[in-house]
Amino acid sequence: MKSIPVILVDDEPDIRDAWAETLALEVYEPFVFSDGNEALKALNRDWPGIVVTDLRMPGMNGTALLEAVREIDRDIPVIIITGHGDVPMAVSAVRSGAYDFIEKPVEPDVLLAAVERAARMRQLVLQNRALKSGAGERYALEKHLIGNSEAIRLLRKRIAAIALADVNTVIYGETGSGKEVVATALHELGQRREGPFVALNCGALPDTLIASELFGHEPGAFTGADRRRIGRLEQASGGTLFLDEIESMPLAHQTQLLRALQSQTITRLGGRDEIGIDVRVVAAAKKDLEAASEEGSFRADLYYRIAVATLSIPPLRKRPEDVPLLFMHYAQHAARRVQMDFVEPDHNYLDALRNRPWKGNVRELINLAERYALGIDGEARSLEADQLSDGLAEQMDTFEKRVLAAALRKTGGQVQRAADLLRIPRKKLYLRMQRHGLSREEFLSKDRVKSDT
């Protein structure tokens, strides 16, 4: 993080200046205010940083400032600083939308840790907005290829250049890395965007069906061919044909495909007429086709016909800095799709995601994000302790909050049942809920809400 702005609001100059000095020694740019009304003048919906405010101040107090900030943008994180006696007020503020609260006296490490988490969340929110609301080629590419790593930025630049060149292209990448996503981007940013985009997975078809899928057939061409079928090459004329797992195509069909691409004509199986086509081929492979052609398992002349340009998609484990943004994007999308409230993952969870091996790449991440958004128990909500980088106390707090939330979710917000499930006294559960900013109302089942109202 570089030069992330932080608004500091406190009516006591010594405290305010001490906070500012602590933040300025790191990667933050503090903006200090003694009055909440003045601080609000510096804020807008595009504010890239966060707000740290004292709770008790003359005039506009921290709670009122929080409400005003949320009117500007509900996603600007606000951290409340509170005295020991005002913890219940701070907990109430968290329930009203504050990002976090810190008790006085404020330890520099505690302040920095809270600010870092909040700033990271703010950046993810703004990056998500840019992906959703932007227009033009840059945002069209970012819509397909989400991420800010150097590897993904270079890939987007190369896609933009190749898309305009309108040449046959081979995409290399591991399973689940997004080869069809890249192929779609090449099509939508290219000269053929108004034409069809037709996909065929060569590895998913038996050898006997590949020719029919590629070239189509006339009635009676073979047993069971009772009607005319238009093949994928013909369907894709004027647009793009995406051939996934092309390395699995048998040599005999490679020869037929090469002939069609050279002549830009096809003949349906069982037919006699040559049909003109105008197709751009984008192929995807998990193995090096040039090496395969040297081994004899892939036709060299077909390789040189389709590999006018090549693209390599970096595996997700090679760009861990993109993982939180990808995860937030797909988890929020899943939550909206099923009309569920989205629960933001904490920084421990996001840090652990960065360190996963991601053998299934983006496909695995999407699955995990959807499980998280749906609240499905299991791997999507669990973290091993050795995956976390924080101290034991913070890890224990994080784990305890998740356990409490899971019990309340399972019991529909019924505190006594949750306490019984956790085998602790009801009073102790209430105290723990207050400590972690958990409210019974957040977990009430719909039927319970109706009966309570």
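Helices (H or I, at least four residues) and strands (E, at least two) are runs assigned by DSSP and numbered from the N terminus. The views below show a predicted model.

View 1. Glu 12 sits in the loop that links strand 1 (4-9) to helix 1 (13-24). Its relative accessibility is 38%, so Glu 12 counts as partly exposed; the class lies between buried, under 20%, and exposed, over 50%. Glu 12 is one of the residues that form a negative surface patch.

**View 2. Asp 322 in a loop.** Asp 322 belongs to the loop between strand 14 (309-312) and helix 14 (323-337). With 1% relative accessibility, Asp 322 counts as buried, because buried means under 20% relative accessible area. When neighbours within four places in sequence are set aside, Asp 322 is in contact with Gly 147, Asn 148, Ser 149 and Ile 152.

**View 3. Pro 48 and its contacts.** Pro 48 is placed in the loop between helix 2 (36-40) and strand 3 (50-54). Its relative accessible area is 39%, and Pro 48 is therefore partly exposed. Neighbours within four places in sequence aside, the contacts of Pro 48 are Ile 4, Pro 5, Arg 122 and Leu 126.

**View 4. Pro 48 and Ile 76.** Pro 48 and Ile 76 are 28 residues apart along the chain. The distance between their C-alpha atoms is 8.4 Å.

Terms used:
Residues are numbered from 1 along each chain as its sequence is written. This is a predicted model: local features need pLDDT of at least 70, side-chain atom pairs count only at pLDDT 80 or more; totals for chains, interfaces and linings use all residues. Side-chain values use heavy atoms; hydrogens and water are left out. Patches are made of residues with over 30% relative accessible area and no salt bridge: like charges are joined within 9 Å, nonpolar side chains (Val, Leu, Ile, Met, Phe, Trp, Tyr) within 5 Å. Accessible areas come from the Shrake-Rupley method with a 1.4 Å probe; for residues, only the protein chains shown count as cover. A salt bridge is a side-chain nitrogen of Lys or Arg within 4 Å of a carboxyl oxygen of Asp or Glu. Lys and Arg count as positive and Asp and Glu as negative; His and the chain ends are not counted. The place of a charge is taken as NZ of Lys, CZ of Arg, CG of Asp or CD of Glu. Buried means under 20% relative accessible area, exposed over 50%, partly exposed in between (1.4 Å probe, protein chains only). Contact means heavy atoms within 4.5 Å.
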